[in-house]
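Here is a friendly walk through one protein model. Take a look at the sequence and the 3D view, then read on.

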Amino acid sequence: MSYILPEHKIYIAGHRGMVGSAIVRELNKQGLTNIVTRTHAELDLTNQAAVDAFFTAEKPDFVFLAAAKVGGIHANNVYRGDFIYQNLMIQNNVIHAAYQHGVNRLMFLGSSCIYPKDCPQPIKEEYLLTGPLEQTNQPYALAKIAGIEMCWSYNRQYGTQYLAVMPTNLYGPGDNYHPENSHVIPALIRKAHEAKESGAKEMMVWGSGTPRREFLYCEDMAEACVYLLNLPDAEYKNQLNDQHPPLINIGTGEDMTIRELASTICEVVGFKGELVFDASKPDGTMRKLQDVSRLNGMGWKDKMQFKQGLAIAYQEFMNRSGI
């Protein structure tokens, strides 16, 4: 039996992004269509008065907080002030308004970069705040850590039921293919396609190719998010206690090197040239594999085969590019 019923009103903050749009599709697939959304032009989430007025008017029962300023290594490192300011403002306003207006359950979506740069692998939820962060995305990571603490603090002080989830690196429909501000999979898909189309003999990849990364198809992520927010009352409340943050990893539990990733993308795209790695560019954290045993123990496991997911992502990239 679903905890979220068709008559419940669900607000998706950030519904146009890859994460938010995937959650909207998953809710619709489950027959949950009483969904409220606002574009950035319609509602500036960094404006506290505007956010409060929205919650007063709409009175949502559930909230998925997927709105955030996001980007890859380059964007995180260059626009550091933007990343910490905008993310703190968005989450502070939405979480506080949800509490003030009696939202039943809220889900805050973060990122695996919240974990220490050199923590043991795979990364368990309890490793949060046990060591220094990766410097290139520290402002973004600190904002997300503050969001987790805010959910936990409101749960403890006000009895709210706010859950934070940490998806691993995502890819799939709705991704950002900007040449400078994209994450690794869309960046490599674009590079491989352009190399193939130009007849290039080689393709340059940032870094040494040795870091290992875990990747999750965005539709799987959305299914996991809805699954968690829909848990029966006793099981859901079991995730919320004073002893540890209300934090759950979402991932596949498997990783690969950037070299393996680039090679697989070239295979899917059809680029047959040589891969060249520019070791002068930053690698970031050498390994980020999340421990997903807690989520798996609750009955959820990812489904999408990686090459199949990449093929869907590449097709969407070509459709969006008008190719």
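What follows is a short tour of the sheet, a helix pair and the aromatic rings.

## Before we start

Keep in mind that this is a predicted model.

## The sheet

Let's begin with the strands. Six of them, in the order β2-β1-β3-β4-β5-β10, make up an open sheet with parallel pairing. The edges are taken by β2 (35-36) and β10 (247-250), and each of these pairs on one side only.

Now zoom in on one pairing inside that sheet. Strand β4 (residues 105-109) runs parallel to strand β5 (residues 162-167), and 4 bridges join the two.

Next, find helix α6 (residues 184-198) and helix α11 (residues 306-321). They pack with their axes 11 Å apart, at an angle of about 65°. Angles of 65 to 115 degrees count as roughly perpendicular, and so that is the label α6 and α11 get. The crossing of α6 and α11 is right-handed.

## Rings that pair up

How many aromatic pairs does a search of the whole structure find? The count comes to 13. One of them is Tyr11 with Phe54, a tilted pair at 4.6 Å centre to centre, with 55° between the planes. This pair ties together distant parts of the chain: Tyr11 belongs to strand β1 (residues 10-13) and Phe54 to helix α2 (residues 48-58), 43 residues apart. Both Tyr11 and Phe54 are buried.

Another pair is Tyr99 with Tyr158, and this one is stacked, with 4.0 Å from centre to centre and 20° between the planes. It too links distant parts of the chain, since Tyr99 sits in helix α4 (residues 80-100) and Tyr158 in helix α5 (residues 138-158), 59 residues apart.

Tyr171, Phe215, Tyr217 and Phe306 are linked into a cluster by ring pairs.

## Charges over rings

Finally, look for charged side chains above rings. Which residue lies over the face of Tyr3? That is Arg105, at 3.4 Å from the ring centre. There is also Lys69, whose charged end sits over the ring of Phe83, 5.3 Å from its centre.

Terms used:
Residues numbered from 1 in each chain as written. Predicted model: local features only at pLDDT ≥ 70, side-chain atom pairs only at ≥ 80, totals over all residues. Heavy atoms only, no water. Phe/Tyr/Trp six-rings, centres within 6.5 Å; stacked < 30°, edge-to-face > 60°. Buried < 20%, exposed > 50% of the residue type's maximum accessible area, 1.4 Å probe, protein only. Lys NZ or Arg CZ within 6 Å of the ring centre and 35° of its normal. Pairing = 2+ DSSP bridges. Axes fitted to C-alpha atoms, helices over the stretch in contact; angles between N-to-C directions. Parallel < 35°, antiparallel > 145°, perpendicular 65-115°, else oblique. Left-handed = near helix turned anticlockwise from the far one by under 90°.
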